[in-house]
Amino acid sequence: MTNQLLMPDPSVDPRLLGNLRRARLEIEELGLQLDEVLAKFDEEIRQQRLKRIQQSLNLADKQPLSS
């Protein structure tokens, strides 16, 4: 048994680098898609909160004032 490290063939380097670059870009794309989904969820939550506040205000307007 030898402890000598095997060096990959240098002709493979450009292909491996290309694959790594592509993988990085795909991950970046996925991150942007996730950001978009999160932004849509945030907007939905804001709309729900606004609707609840407006409903509460409408109920408060209908209740008689107590002195």
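## Helix and overall form

Helices (H or I, at least four residues) and strands (E, at least two) are DSSP runs, numbered from the N terminus. This is a predicted model, in which local features need pLDDT of at least 70, side-chain atom pairs count only at pLDDT 80 or more, and totals for chains, interfaces and linings use all residues. Residues are numbered from 1 along each chain as its sequence is written, and side-chain values use heavy atoms, leaving out hydrogens and water.

In the protein chain you will find one helix and zero strands. Its radius of gyration, taken over C-alpha atoms, is 29 Å, well over the 11 Å that the globule rule (2.2 Å times the number of residues to the power 0.38) gives for 67 residues, so the chain is more spread out than a compact globule. The C-alpha trace spans about 95 × 25 × 15 Å along its principal axes.

Helix H1 covers residues 13–62 and includes Phe41. Phe41 is exposed, at a relative accessible area of 52% (buried is under 20%, exposed over 50%, partly exposed in between; 1.4 Å probe, protein chains only). Of the 67 residues in the chain, 0% count as buried.

## Salt bridges

Four salt bridges turn up in the whole structure (a side-chain nitrogen of Lys or Arg within 4 Å of a carboxyl oxygen of Asp or Glu). One of them joins Glu26 to Arg22, with the closest N and O atoms 3.1 Å apart. Both residues lie in helix H1, four residues apart, about one turn of the helix. Arg22 is exposed at 56%, while Glu26 is partly exposed at 40%.
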